[in-house]
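Welcome! Here is a friendly briefing to read side by side with the protein model below.

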Amino acid sequence: MSTRRLTTAQALVAFLARQYTERDGRRQRLIGATWGIFGHGNVAGVGQALVESGRAMPYLQGRNEQAMVHAAVGYARQCGRLSAHAVTTSIGPGATNLVTGAALATVNHLPVLLLPGDTFATRPADPVLQQIEVPYAGDVSVNDCLRPVSRYFDRITRPEALVPAALQAVRTLTDPAQTGAVTLALPQDVQVQAYDWPEEFFAERVWHVRRPAPDPQELDRAVRAVLGARRPLIVAGGGVHHSAAESTLAAFAADTRIPVASTQAGKGSLRHDHPADVGGIGHTGTATADELARTADLVIGIGTRYSDFTTASATLFANPGVRFLNLNITGFDAHKLGALPLVADARSALEALTAALAERNHRVDPAYETEYTDAKERWERRVTAAFTAPDPHARPTQAQVLGLLDGLVTEDDILINAAGSLPGDLHKLWRARSPRQYHVEYGYSCMGYEIPAAIGVQLAAPDRPVWALVGDGTYLMNPTEIVTAVQQELPVKLVVLQNHGYASIGGLSEAVGAERLGTAYRHRAADGTFTGPPLPVDLAANAGSLGMRVLRARSVRDLREALREARAADRPTCVYVETETADTVSGPPPAQAWWDVPVAETATRPPAVRAREEYDRHVADRRHHL
């Protein structure tokens, strides 16, 4: 057998450089690049291997380990999960910084390969620098924190163990039902050990990303369920995008006239102007979609995991006779809410369902179609009102910022957001023009995701305008990758909305009786509360100090010009604007459905007492669907 003598790290990099995915006849590289921050746990191993690989494995320099994972996730999502990035770190804090990013990747079913350094396998000294000693288990390291947030985990304690582990890692990354974060923990001594590797380990491999077809019996039950429904409603989730089933869904909706609501991950499954699109669903949804959900007798979930925001904490689907039909590639999600399962790839299942219903010329009652079409028109008028900024000299509201963007972008633009009050406004108001335009990470709702994710998306879509929308709270969580955008000369557009605090959680705090404690960025007042003047923090100056071009907008007119200038820029550009609060001018419509955040059962302060009374009224509507 022909062999090649390489270190473990060199062998891993060479192996990864020869892995490809294929779906629908389209082939692409699986690991497009490796992000890395080097320390004593990986510099002599993976770091040296990347140098040795030359151009075979592109290297990307990050500034924060969590942010590197976010960038990799943004890249994978934009690539439709068919291409991903690897992330390498040293041992200790570098490795533990991966945990949040790994959880985000796994929750959202997005592939990322994590290669953290680990403590010595041979234990020449015990403990070594940054090692946490566990008295009851000598084989535990901080990397074990990654086990519950990884879809696959292995620790490579001998060189030859890499062969089966690497193959299992790639199998998981390319499995549409199981993909997420994959971790190969690499003890620093094993990384540099040499071994005679079989040449076939480095052979080019193409991993077919399958499209499982629906089971005939499950399909027959699904068809009968749709035929028997008077008020069906589709809930489009992220699986529609992962399966590239957007055009198939559009054709299905056009044939059947069944209205389509979308989760945060599924928004953009239909263009906003498709006749069947009724907008976001759930706590941050539209009045149109939520009212349809309350009266639906059949809910057809496509690629959704039914989070509490989607179901309004199990209070939204109120029809006593409501049934669920779930098209999902994972049996776990397909069986939720006591549903009829249709376990299959979303596009394959929709194609089969479309064909079966076409044979029967099935279409919803015209009166039902007229009902939701009229309701959609009424909602669009509310969106236009929230977007409209009548005074060009005034400070804009957050909704008006979105309105100015709405008037500027085309189907090429991509908007990225993850946390705060923006996801709610975007879900209710944004008019998605293309399948990949709306990029809101709300499975893990991770503050600090937006800027690094924009870098990953821009790497995957170099010719498209990429916008990262952040509030001041999110900006302060993770601005360091601005330096990476500058270094890579990526023309990402950063919009910073300054409202001097955690606006979203402040509103929630008030609603649950916590009186906005700790949610404003202000000096302490004489009574000890944080109600003094706003902190003199200049986030625009901060972005500029990291290398971004900064455009300050003090009014609606300024902002319109700044956004236009940023969109045309060929370098990283920040638009900074202080927003007006929605309680002084017209803001977005309020929540159209409830969200369960438990309220103190006993309290002496009146706000908490009132909040508990309101909570008890809502919780009475919660039900289990069996």
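The count of cavities of 30 Å³ or more in this predicted model comes to 7. The largest cavity holds about 130 Å³ of space. Rolling a probe the size of a water molecule over the atoms shows where empty space is left.

**The largest cavity**

- The largest cavity is lined by 15 residues, and the closest to its centre are Asp277, Gly279, Thr286, Trp379 and Glu380.
- Three elements, β14 (277-280), α15 (366-387) and α17 (422-429), each supply at least two residues of this lining.
- Sorted by class, the lining of the largest cavity has 4 nonpolar, 5 polar and 6 charged residues.

**The second largest pocket**

- Two or more lining residues come from each of α9 (238-242), α12 (308-311) and β16 (323-328).
- Which element gives the most to the lining of the second largest pocket? The answer is α9, with 4 residues.
- The lining of the second largest pocket divides into 15 nonpolar, 19 polar and 10 charged residues.

**The protein as a whole**

- The secondary structure consists of 24 helices and 23 strands.
- A compact globule of 626 residues would have a radius of gyration near 25 Å, and the protein agrees with this, because its own value is 25 Å.
- Along the principal axes, the C-alpha atoms fill a box of roughly 70 × 70 × 55 Å.
- Of the 626 residues, 57% count as buried.
- The protein exposes about 25,100 Å², and carbon and sulfur atoms supply 52% of that area.
- Take the contacts between residues at least 6 apart in sequence: 77% of them join residues at least 24 apart.

**Helix α18**

- The buried residues in α18 are Glu450, Ile451, Pro452, Ala453, Ala454, Ile455, Gly456, Val457 and Gln458.

- Glu371 is part of helix α15, one of the helices that supply at least two residues to the lining of the largest cavity.
- Glu371 counts as partly exposed because its relative accessibility is 35%.
- Leaving out residues up to four places away in sequence, Glu371 touches Arg231 and Leu292.
- From Glu371 to Gln19 there are 352 residues in sequence, and 51 Å in space from C-alpha to C-alpha.
- Thr172 sits in helix α6 (residues 162-173).
- Thr172 has a relative accessible area of 3%, so it is buried.
- The residues that Thr172 touches, not counting those up to four places away in sequence, are Arg151, Tyr152, Gln178, Thr179 and Val182.
- Thr172 and Asp406 lie 234 residues apart in sequence, with 38 Å between them in space, C-alpha to C-alpha.

- As background, most residues other than glycine have a negative phi, and most peptide bonds are trans.
- The peptide bond that runs from Asp126 to Pro127 is cis, and its omega is near 10 degrees.
- Where is Pro127? It lies in the loop between β7 (112-118) and β8 (152-155).
- Gln130 is also in the loop between β7 and β8, and it has a positive phi, near 75 degrees.
- With a relative accessibility of 32%, Gln130 counts as partly exposed.
- Ser445 has a positive phi too, near 40 degrees, and it is found in the loop between β19 (438-440) and α18.
- Is Ser445 buried or partly exposed? Its relative accessible area is 29%, which means that Ser445 is partly exposed.

Terms used:
Residues are numbered from 1 along each chain as its sequence is written. This is a predicted model: local features need pLDDT of at least 70, side-chain atom pairs count only at pLDDT 80 or more; totals for chains, interfaces and linings use all residues. Side-chain values use heavy atoms; hydrogens and water are left out. Ala, Val, Leu, Ile, Met, Phe, Trp, Tyr, Cys and Pro count as nonpolar, Asp, Glu, Lys and Arg as charged, and the others, Gly among them, as polar. The radius of gyration is taken over C-alpha atoms; the globule rule is 2.2 Å times the number of residues to the power 0.38. Buried means under 20% relative accessible area, exposed over 50%, partly exposed in between (1.4 Å probe, protein chains only). Contact means heavy atoms within 4.5 Å. Accessible areas come from the Shrake-Rupley method with a 1.4 Å probe; for residues, only the protein chains shown count as cover. On a 1 Å grid over the protein atoms alone, a cavity is a set of points where a 1.4 Å probe fits but cannot get out, and a pocket is an open set with protein on both sides within 12 Å along at least five of seven lines; lining residues have an atom within 4 Å of a point. Grid points are joined across faces, edges and corners, and a volume is the space filled by probe spheres set on the points.
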